[in-house]
Amino acid sequence: MPPAAASSIIRAGAGTARCVAQPSQVPVVASFSTTASRPKFTKARRLFRAWERADGRVFRRHAGEKPSYLPSRRREDDTDKPFPLNPYFKSARVLDERAREVVWEKIMRDGETIKAVSAEFGIDIRRVAAIVRLKEVEKDWIAKNKPLAKPYAKAVLSMLPTHRINPNQSNEPFEAINELHVHPYTMQQIFWPTSESRHFTREDAAEAFHPTLLSADKRVPHPELIQMEREVEQGRPLWDASERFKQAVMESERRAAEKQVAKTIHEEKKTTRVNTERFEFRFKQFNSENVGLKGRSRSVVGWRYGTPHDDRSKGHQIKIPTSVP
Amino acid sequence: MKPRRFHGLQRPKLRQSWNKYNLYNIARARDPRIGTDDIATFFQQKWRAKGLLRTYHGEHIVERKWERMFNRRLLSVVDMDTKYMAQNDGSELAAGRGSGTDQPPRWDRKSANPRSVTPYMQMTFAPMERRLDIAVFRAMFASSARQARQFCVHGAVKVNGKVRILTRYYRQVPYPAYRLNPGDMFQVDPERVLYATGLPKLSPKDPKQPSTLAGEDEVAEEALEEEAESATEEESEVQAAKAEQDPDTTDAPEAAPVNMKPTRKQIQDLTAQAKAILSEKPLSPAQKKGLRKFIQNAKPLLSRAGRPNASPTEITDELSTLVAELDLGVGGDDKASSGGAVSSDPMASLSDSELKSLEERMEELMDEEEDNPHDPSKPYVTPWRPRNYMAPFAFIPQYLEVHQNICSAVYLRHPVVRKGAAEVPTPYPIGTSQLAFNWYLRRR
Amino acid sequence: MVVKIRLARFGRKNSPFYNVVVAHARTARNSKPLEVIGTYDPIPRADPYDDSGRLHKDIKLDAIRARYWIGVGAQPTDTVWRLLSMLGIMEPKYRNTEPRIPPVLPREALPQQNSP
């Protein structure tokens, strides 16, 4: 036997002996290792621990009803920005439980229109609709005795900036409700010669951008609100104008509902339903001769011949479904 | 190659997660100032910027997928003042042009307020926010984007009330890459949400278990401390239960035939609860000792309560002292102290208003207990508490309407940018986003 | 050549989708047909927010053109025959669920059996 091999065996033996000998002193996790674990942290880790004990301590447990975000580098009063480096992202307020209940009651119990509630509390139309929808689900859960995540809701709402609504008073608006989507047609700079004396209104501007583009007054979510303000300008008393506003939004909501119903009736008229044991077959009538000049018009039904499948090219992402029915 | 840490301290990367290391990394992050202090080419600047941003925005999404998602069209809105629109028809903007009455714009520093900037470039990763997994994370239903993704894959997320989305291309569950459309409602299983956002339970076989390394590792020490805290809370809950039972026992002397059944039952319940805590919680030796003592001492009390000549006030007093001993000198919260005070005070010394407030408090406690019960079968610490370091990450973007009670949210619209604010949450400054946007324009 | 009304399979693997086409019988399945008169989605689907488990299949069909092509002698395949028979354009071919009435034998046959 060469001496090197022998010594290695001895060393191994010694190692195992040590392991067996000191199980009580050496931690269990390191029992197979002969080297002591590193006594010191790295610098980064040490700094982290220092931060955790000093500045980070306040974030460990949340106390109180106010949000606590990382302090901003720039100024002290920035308390609604979660990211210190990004002053453009603000933590928006959310409606508290009571406010959502008030909105639901206004619509489902008092029968007010979504637009009227939206204008009253300054909540976006889509948000009002979503609140009613979610509240209905919650009531359904309560009726079915499904457990709600109440402790979670309480904790989360205490960490977020919340907005309250007092149903009997005038409230400050929750968000901007009359926001206009910036249409791509309006993003171009166009040269439009016109006489200086011309009364060039928003209508004209819209037409200058594109012949089919509606003016901003018609594209905003609350055109009725502008009409109301206009009537107030003309000297109509506020209560009267707001009453007329409510009538107008009621009318517009009714028209939208009628349109929806008419559409369904029209669809239903075109379909023939045949019930079999297993499935219902729905035959929808369509005009196969309406195919355009080259037989490739957009209204053609079915897989089209001689056209590429656009699902693999960028920009025609039809393979991602556009809706969940 | 050794895989890099997800939340490393050496080469910090900002992530979509509520981890405390991530919080530290965000807190100490400096503006990368790409292109200001070195001589990097434009290509290099863009490359670095997009790399930084991609570590935060959907790092679990393949670059090619994101490239297909990216859209150069950035959605924006302008707030239209109804009053102004009612007063003016738009011609006022052109009035006086050419006759010298209009004011030319001045672009000096004072008038160019940074607040009036529309930060379009912060919208670079807006299409990412449409993804189901990221929306679930943004709605605060998961503690990280990766966890949100797991929830989708495991079928815990419903879209529009459905577990299955049947599409032309057959997909089984709401897959994490599903791109939400305005008006889509998504729901997450509340149990998963409570698990994701609640304080995690340390299992007895957890390597972080403080038993062996208690003296050396501070992490373990902290875990121990935390467990001790949770244990004291358990005890305060025991006391709350105690407080609930009081009206029965203190009312009892007034009635001639004393019914000890409820008290007996409650003592039994308390003992059972103490046993459960003892068996499942990793406690410090002193706490274990205290609990064992409580169980031991509760036994004779139980037998005495069974006797016909037992005095309910006496038994109540003894029980309250037992529970007070169990407190182990840790500063009891208001729950515990109120419970203790009630049980030791005789009924007669309380005024009517005090009684009333006491009853209200009890009802509150009972409600709380009902909503947030102690349940050892749950995978999180019960009664539920939010996880640590959650508050600084708590924000809900405006394009979501979230209903926390039912763990559901509606995707109202696509994120937009408006004057002074962009709706896409990103930890990086605008310069970095701008370089990344330029990278994805693919003119490099 | 025979003109047929048949299905042409499109869609993807495991997600079939058919065009209802009018084509010459000997042309390839997915070749350009004389006319596309409809589509047939064979995957049964549920209505949104309907938990009854009842499924439906969607078919789009230009019934007027179908009638015309039948009138000029086009021959539907079995599957298309089944679909057209649901609309009453064709007589049902298979699976007649009505109770079967035994065919009436010729009067002359009966006395032949009875005689001698």
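Reader: Arg418(B) and Glu423(B): buried or exposed?
Author: Arg418(B) is buried, and Glu423(B) is too. Buried is under 20% relative accessible area, exposed is over 50%, and partly exposed is in between (1.4 Å probe, protein chains only).

Reader: What does Arg418(B) form with Glu423(B)?
Author: A salt bridge, with the closest N and O atoms 3.1 Å apart. The term stands for a side-chain nitrogen of Lys or Arg within 4 Å of a carboxyl oxygen of Asp or Glu.

Reader: Before I go on, what am I looking at?
Author: A predicted model, in which local features need pLDDT of at least 70 and side-chain atom pairs count only at pLDDT 80 or more, while totals for chains, interfaces and linings use all residues; side-chain values use heavy atoms, with hydrogens and water left out. Residues are numbered from 1 along each chain as its sequence is written, and chains are lettered from A and ligands numbered from 1 in the order in which they are written.

Reader: OK. How many salt bridges over all chains?
Author: The search of the whole structure finds 47. One of them is between the side chains of Lys154(A) and Glu368(B), at 3.9 Å, N to O. Lys154(A) sits in helix 7 (residues 150–159) of chain A and Glu368(B) in helix 14 of chain B, so this pair joins two chains. Helices (H or I, at least four residues) and strands (E, at least two) are DSSP runs, numbered from the N terminus.

Reader: And how exposed is Lys154(A)?
Author: Lys154(A) counts as exposed, at 58% relative accessibility. Glu368(B) is partly exposed at 34%.

Reader: What about Arg146(B), what does its side chain meet?
Author: Glu59(B), in a salt bridge of 3.0 Å, N to O. The two come from distant parts of the chain, 87 residues apart: Arg146(B) is in helix 6 (residues 145–153) of chain B, and Glu59(B) is in the loop between helix 2 (42–56) and helix 3 (63–69). Both are partly exposed, Arg146(B) with a relative accessible area of 43% and Glu59(B) at 23%. Elsewhere, salt bridges that share partners join Glu268(A), Arg273(A), Glu280(A), Arg282(A) and Asp47(C) into one network.

Reader: Switching to the surface: which residues gather in a patch of negative charge?
Author: Glu359(B), Glu360(B), Glu363(B), Asp367(B), Glu370(B) and Asp371(B). Glu363(B) is in helix 14 (residues 352–371) of chain B and is exposed, at 54% relative accessible area.

Reader: Which residues make a patch of positive charge?
Author: Lys294(A), Arg296(A), Arg298(A), Arg304(A) and Lys32(C). Lys32(C) lies in the loop between strand 2 (15–24) and strand 3 (35–40) of chain C and is exposed at 65%.

Reader: What are patches made of?
Author: Residues with over 30% relative accessible area and no salt bridge, with like charges joined within 9 Å and nonpolar side chains (Val, Leu, Ile, Met, Phe, Trp, Tyr) within 5 Å. Lys and Arg count as positive and Asp and Glu as negative, with His and the chain ends not counted. A charge is placed at NZ of Lys, CZ of Arg, CG of Asp or CD of Glu. Accessible areas come from the Shrake-Rupley method with a 1.4 Å probe, and for residues only the protein chains shown count as cover.

Reader: Now the strands. How many bridges join strand 3 of chain B to strand 5 of chain B?
Author: Four, and strand 3 (residues 184–188) runs antiparallel to strand 5. Two strands pair if DSSP finds at least two bridges between them. Phe186(B) stands opposite Ala409(B) there. Strand 4 (residues 400–403) also pairs with strand 5 over four bridges, in the antiparallel sense, and Val402(B) has Ala409(B) as its bridge partner.

Reader: Which way do the residues of strand 5 of chain B point?
Author: Ser408(B) and Val410(B) point one way, Ala409(B) and Tyr411(B) the other, and all are buried. In a regular strand the side chains alternate between the two faces of the sheet.

Reader: Last one: where is the peptide bond that is cis?
Author: From Thr382(B) to Pro383(B), with omega near -10°. Pro383(B) is in the loop between helix 14 and strand 4 of chain B. Tyr389(B) is found in the loop between those elements as well, with a positive phi near 55°, and counts as buried at 3%.
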